[in-house]
Amino acid sequence: MKNKKNLNPFLCSFAVFSVLILLAAAAAVSLFYYIFSIPKPYGLSRASWPQMFTNGFSAWMDFEGGAVQINQTGLSRLDEYGLWLQVLDESGQEIFSYRRPDAYPVHYPASELVSLGTGAYQNGYTVFVSSFQDSEKTCCYLIGFPYAVGKYMLYYDGEKISRLLPAAKSAAVCAIAVFGILIFSYTLWLSRKLSVITGEIQNISRRVYIPRKERGMFCGIFTALNQMDSEIRQSDRIKTETDRVRREWITNITHDLKTPLSPVRGYAELLAGNREEDAQTVQEYAKIILKNVSHAEKLLNDLKLTYQLDSGAAPYHPRRVRLTGYVRELVIDIINDPAFSSRSLEFESSCQEISVCLDPDLFRRALQNIIMNALVHNPPDTSVKISIYRNEQEHVCIAIRDNGRGMDETELARLFERYYRGTSTIEKPEGSGLGLAIAKQIITLHGGTVSVKSQAGCRSEFVISI
């Protein structure tokens with residue numbers, strides 16, 4: 001698929017301004033016609049049309065035998081536009097009328113005739129005055145229009161206007177030119193700004209963006225760009241760190257898998273040889289193979305469980321459990337393990353039997369991982385104590401305390417990170433780096449929390465709150 005051509009910001013801005021100018025011109029013309037026009041039976045006309053019509057109506061008037069005569073065309077026009085006509089003699093007395101409303105008199109003083117010429121809309125009509133003269137006599141006539149037409153007279157010095165008119169035309173041309181230059185300059189400036197913004201967006205994608213000062217008309221845009229760049233860089237750092245830790249973990253887990261697989265392969269080759277081995281030797285070889293296979297299975301199960309917990313696919317079946325007896329049985333099972341039969345492991349509970357809702361298998365895995373961590377990564381003479389109590393918030397807590405080697409601030413900060421293996425794993429390299437991460441995930445799944453306090457060279461304390 002071909003990429004669409006990028007629109008030129010200058011042309012876009014020019015088009016926008018052109019449309020705005022056309023809209024403004026259309027609005028001005030519409031406003032002019034709205035103010036300076038009146039409706040007629042066949043459409044709109046200029047508001048000066050009534051005065052022009054009145055002045056030209058004399059063409060349809062005549063005197064015959066001393067009486068006013070209106071030809072048929074004039075009467076038709078009056079009927080067509082809904083107008084009325086009143087003809088007055090020199091004294092202001094009516095000598096002819098056509099459709100005159102009763103609200104208007106048959107005689108007008110001279111002063112009233114003058115006021116009618118500039119009078120406003122009243123009694124449903126605006127009255128316009130003109131005069132008619134032929135060889136016999138002179139008279140004036142009134143025509144009433146059913147439109148609210150405003151009448152205003154403007155007086156000015158004609159000589160000055162005639163001198164200023166050329167200058168006004170020149171000023172108008174200059175104003176239009178200046179306006180055009182301003183529009184062009186603004187469009188050019190806006191185009192450059194848009195080009196800068198487009199370039200900065202491209203710089204963000206290429207990771208070469210330099211944060212800009214957040215000021216001016218485009219302050220909000222640069223604020224958003226700076227924030228976007230910061231978030232992308234932070235995401236890149238997290239991704240880089242995650243990739244680094246994952247590579248380290250893959251290296252470690254590969255090495256850890258090779259460790260149990262090497263003796264399995266070696267002893268299997270011995271058993272597969274042609275030499276006849278006695279039953280006791282075969283049994284010893286089989287025990288070694290089974291031990292290393294179990295270790296490899298544990299590593300793989302840890303990896304599987306952590307990704308199940310991450311994706312929400314871990315088997316979770318909570319039910320009511322008597323916590324004190326449940327933890328006591330776990331401690332007894334660990335003590336009965338030959339690998340830890342000589343270790344100092346204590347259990348106590350300051351609470352009566354407590355019933356809690358948890359998944360027995362998953363929670364056992366989490367609690368066992370923490371206890372085993374305290375046993376495996378501390379000297380053999382370390383004492384481990386497990387206790388159950390209620391804290392000040394009446395939450396049920398399980399504490400695992402030891403007087404072992406403790407941890408420094410660096411280890412504490414990364415203790416629950418997946419793939420992280422502390423400094424003590426140099427001596428005990430069997431761990432996968434997932435045990436404590438899995439424990440925290442399981443406890444969180446149960447709606448609980450786990451915290452740890454430690455002092456290097458002295459002690460450690462894990463507290464599970466549920």
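**Figure 1. Right-handed crossing of helices α8 and α9.** In this predicted model, α8 passes α9 in a right-handed crossing (a crossing is right-handed if the near helix is turned clockwise from the far one by less than a right angle, and left-handed if anticlockwise). Helices (H or I, at least four residues) and strands (E, at least two) are DSSP runs, numbered from the N terminus. The axes of α8 (residues 323-336) and α9 come within 11 Å and cross at roughly 50°, which makes α8 oblique to α9. Axes are lines fitted to C-alpha atoms, for helices over the stretch in contact, and angles run from 0 to 180 degrees between N-to-C directions. Angles under 35 degrees count as roughly parallel, over 145 as roughly antiparallel, 65 to 115 as roughly perpendicular and the rest as oblique. On the α8 side, the contact is made by Y326, V327, L330, D333 and I334; α9 contributes P360, F363, R364, L367, Q368, I371, M372 and L375. Contact means heavy atoms within 4.5 Å.

Figure 2. Y326 is placed in α8 and is buried, with a relative accessible area of 12%. Buried means under 20% relative accessible area, exposed over 50%, and partly exposed in between (1.4 Å probe, protein chains only). Leaving aside neighbours within four places in sequence, Y326 is in contact with V321, L358, D359, P360, F363 and R364. Along the chain, Y326 and P360 are 34 residues apart, and their C-alpha atoms are separated by 8.4 Å.

**Figure 3. Edge-to-face pair of W49 and F145.** A search of the whole structure finds 18 aromatic pairs. Rings of Phe, Tyr and Trp (its six-membered ring) pair if their centres lie within 6.5 Å; planes under 30 degrees apart count as stacked, over 60 as edge-to-face and the rest as tilted. The ring centres of W49 and F145 are 5.6 Å apart and the planes stand at 80°, so the pair is edge-to-face. The pair links distant parts of the chain, with W49 in helix α2 (residues 49-56) and F145 in strand β8 (residues 138-145), 96 residues apart. Both W49 and F145 are buried.

Figure 4. F53 and Y81 form an edge-to-face aromatic pair, 5.9 Å centre to centre with 90° between the planes. Because F53 lies in helix α2 and Y81 in helix α3 (residues 72-81), the pair ties together parts that are 28 residues apart in sequence. F53 counts as buried at 8% relative accessibility, and Y81 counts as buried at 12%. One aromatic cluster is formed by W49, F53, F57, W60, Y81, F128, Y141, F145 and Y147.

**Figure 5. Open antiparallel sheet of four strands.** The strands are in the order β6-β5-β8-β7, and the pairing is antiparallel. Two strands pair if DSSP finds at least two bridges between them. The edge strands, β6 (94-98) and β7 (126-133), each pair on one side only. From one strand to the next, the twist averages 20°. Helix α2 packs on the sheet, where α2 touches β7 and β8, and the direction of α2 makes about 145° with that of β8.

Figure 6. Strand β5 (residues 84-88) and β6 pair in the antiparallel sense over four bridges. The bridge partner of L88 in β6 is E94, and that of Q86 is S97. Five residues lie between the strands of this hairpin, in which G92 takes a positive phi near 95°.

**Figure 7. Buried residues of helix α11.** In α11 (residues 435-445), L436, A437, I438, A439, Q441, I442 and I443 are buried. Their cover includes α7 (279-311), α9 (360-376), β14 (449-455) and β15 (459-465). Following α11 is G447, whose phi is positive, near 80°. For the protein as a whole, the secondary structure comes to eleven helices and 15 strands, and 33% of the 466 residues count as buried. Residues 24 or more positions apart account for 62% of the contacts in the protein with a separation of 6 or more.

**Notes to all views.** Residues are numbered from 1 along each chain as its sequence is written, and side-chain values use heavy atoms, with hydrogens and water left out. In this predicted model, local features need pLDDT of at least 70 and side-chain atom pairs count only at pLDDT 80 or more, whereas totals for chains, interfaces and linings use all residues.
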